[in-house]
Amino acid sequence: MAEMNGKEKIIDIVFFTVCASIMLLLCWHLFYGQSVRLDGRYLSDMYAYVLYIQGVSVGLSFPYPVFFLTAKVIYKIFFRHHFLGPELGIAIATLLFYALLILVVKYILNIILYEKIADALGERKSIAGPVITVLSFSVLIVSMLYLPEGMRLPGISARYAGVSTPNPWHNATIIAARPFAILTFYAFYRLMQKFGDGGFKLKEYFFFSVSLFLLTMTKPSLVFVVSSVLISVGRFVMSGCKGINRYFCLVLCYLPTVIALLYQYLIVFSADDTGETGIGFAPGRVWSANCGNIPAAVILGMCFPVAVLLFNLDALKGMFIYRFVWFQYIIAFLTAFFLYEKGFREADGNFFWGYMDAMFFCYGVSLIILVKQGLQRKINAPVIIQWSIYFLHILCGGLYFADVLFGNLYV
């Protein structure tokens with residue numbers, strides 16, 4: 001079993017710190033620009049958040065306080081008398097949560113891949129840590145595929161709108177929630193593993209419950225709740241209803257989140273001026289408003305995960321985590337396609353946030369599968385095709401990030 005020695009840890013920490021510092025410096029420019037609307041550009045949801053933490057009515061409710069409370073504390077304690085106090089509070093809070101996201105992605109990939117990469121590298125295992133750092137930042141920068149304006153596919157009028165991306169840059173709350181989403185996803189995966197080998201540790205249930213609750217109170221994730229509950233019920237039934245104590249503990253884990261979701265539903269879906277409220281059902285209603293070619297939009301957004309799936313169908317049999325990410329994606333697709341929020345929120349397409357989270361997890365797990373293929377020395381045409389598509393997503397993601405970094409429209 002490969003483990004880091006002192007020198008390898010230093011190399012890993014230094015390389016990661018340098019990469020993270022550069023990324024955070026770029027992100028600070030972006031988040032600051034979005035918060036203050038620098039030069040009248042950098043359009044995003046940030047400006048509404050700036051008004052909200054000042055107590056100014058923006059006609060919206062945000063009953064998920066983790067991000068807003070963090071921003072308000074920063075603003076009130078450190079910048080109360082600064083003329084850009086609220087803006088700085090929002091920008092710094094977003095940067096802090098993004099820093100947490102970077103750490104979480106690196107930490108999880110270290111757990112999953114470090115030993116395998118270090119063993120494969122042999123005497124060169126000192127670069128295993130930096131390799132994982134590069135993989136971490138690659139999955140944080142990938143975006144949907146897109147063609148230059150004027151060369152787009154029929155029905156596709158924009159890069160982002162109607163297509164979506166695993167890494168949206170214009171919404172602070174989804175950025176803030178992403179580290180909790182990853183921790184919750186991994187905690188659930190570990191619990192399902194323990195169910196198989198009979199492990200029963202209350203601290204793991206507690207960690208899952210807390211991370212799920214923090215996720216819900218930062219940005220509700222209906223997709224994860226629905227998909228994980230359905231998976232749990234399915235496994236319970238298929239096991240012949242064995243292990244009732246473990247499943248009872250799992251039910252208890254969901255209770256705080258279910259209560260929070262009910263509260264959020266009541267707050268968010270209060271009637272607007274038109275009297276419309278609640279969730280509506282209409283196939284493609286919101287999606288088709290932004291896109292005239294939904295199949296093409298799905299492929300542009302999910303080209304890499306779909307390619308990995310087609311070349312690795314056997315992985316679905318042997319990897320629970322792979323089956324789960326695709327099941328989660330199916331649930332996310334169905335909610336984004338069929339559901340919409342009645343009233344003035346309809347145009348916001350808020351069910352697409354869950355869709356984009358599901359895209360991110362498909363990319364992450366697909367990358368893990370592809371890396372493991374490379375470690376097995378399976379360098380053939382299918383592997384080259386998969387890596388080539390992934391590099392295209394990285395290229396598009398880098399160009400997309402650079403574009404929004406300079407204040408251009410995220411759509």
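Reader: Which helix does Ser211 lie in?
Author: This is a predicted model. In it, the helix that holds Ser211 covers residues 202-218. That helix is H7.

Reader: Is Ser211 buried or exposed?
Author: The relative accessible area of Ser211 is 5%. Buried means under 20%. Ser211 is therefore classed as buried.

Reader: Which residues is Ser211 in contact with, leaving aside its neighbours within four places in sequence?
Author: Ser211 is listed among the buried residues of H7. With its neighbours within four places in sequence left aside, its contacts are Phe180, Leu183, Thr184 and Ala187.

Reader: What distance does H7 reach from its first C-alpha to its last?
Author: H7 has 17 residues. At 1.5 Å a residue, 24 Å is expected. The model comes close to that, with a reach of 24 Å.

Reader: Which residues is Phe208 in contact with, leaving aside its neighbours within four places in sequence?
Author: Phe208 is another buried residue of H7. In the largest nonpolar core, Phe208 is one of the residues with the most contacts inside that core. Its contacts beyond four places in sequence are Thr184, Ala187, Phe188, Leu191, Phe224, Leu250, Cys253 and Tyr254.

Reader: How many residues does the largest nonpolar core have?
Author: The residues with the most contacts inside this core are Tyr98, Trp169, Phe208, Tyr322 and Tyr355. The core has 137 residues.

Reader: How many of the residues of H5 are buried?
Author: Helix H5 takes in residues 128-141 and reaches 20 Å from its first C-alpha to its last. Its buried residues include Pro130, Phe137 and Ile141. H5 is mostly covered, and the count of buried residues is 12 of its 14.

Reader: What covers the buried residues of H5?
Author: Among the buried residues of H5 are Ala128, Leu135 and Leu140. The cover for the buried residues of H5 includes H1, H4 (85-121), H14 (352-375) and H15 (381-405).

Reader: Why does Ile10 count as exposed?
Author: Ile10 lies in helix H1, residues 6-36. Exposed means over 50% relative accessible area. Ile10 counts as exposed because its relative accessibility is 53%.

Reader: Which residues make the nonpolar surface patch of about 430 Å²?
Author: In soluble globular proteins, nonpolar side chains tend to be buried together. Here Ile10 counts as exposed. It takes part in the patch, whose residues are Ile10, Val14, Val18, Ile22 and Leu26.

Reader: What is the phi of Arg37 near?
Author: Most residues other than glycine have a negative phi. Arg37, placed in the loop between H1 and H2 (46-53), has a positive value. Its phi is near 55°.

Reader: What distance separates the C-alpha atoms of Phe311 and Val383?
Author: Phe311 lies in helix H11, residues 294-311, and is partly exposed at 38% relative accessible area. Not counting residues up to four places away in sequence, Phe311 touches Pro382, Ile385 and Gln386. Phe311 and Val383 are 72 residues apart along the chain, and their C-alpha atoms are separated by 8.4 Å.

Technical notes
Residues are numbered from 1 along each chain as its sequence is written. This is a predicted model: local features need pLDDT of at least 70, side-chain atom pairs count only at pLDDT 80 or more; totals for chains, interfaces and linings use all residues. Side-chain values use heavy atoms; hydrogens and water are left out. Patches are made of residues with over 30% relative accessible area and no salt bridge: like charges are joined within 9 Å, nonpolar side chains (Val, Leu, Ile, Met, Phe, Trp, Tyr) within 5 Å. Accessible areas come from the Shrake-Rupley method with a 1.4 Å probe; for residues, only the protein chains shown count as cover. A salt bridge is a side-chain nitrogen of Lys or Arg within 4 Å of a carboxyl oxygen of Asp or Glu. Helices (H or I, at least four residues) and strands (E, at least two) are DSSP runs, numbered from the N terminus. Buried means under 20% relative accessible area, exposed over 50%, partly exposed in between (1.4 Å probe, protein chains only). A nonpolar core is a set of buried Ala, Val, Leu, Ile, Met, Phe, Trp, Tyr and Cys residues joined through side-chain atoms within 4.5 Å. Contact means heavy atoms within 4.5 Å. The expected span of a helix is 1.5 Å times one less than its number of residues.
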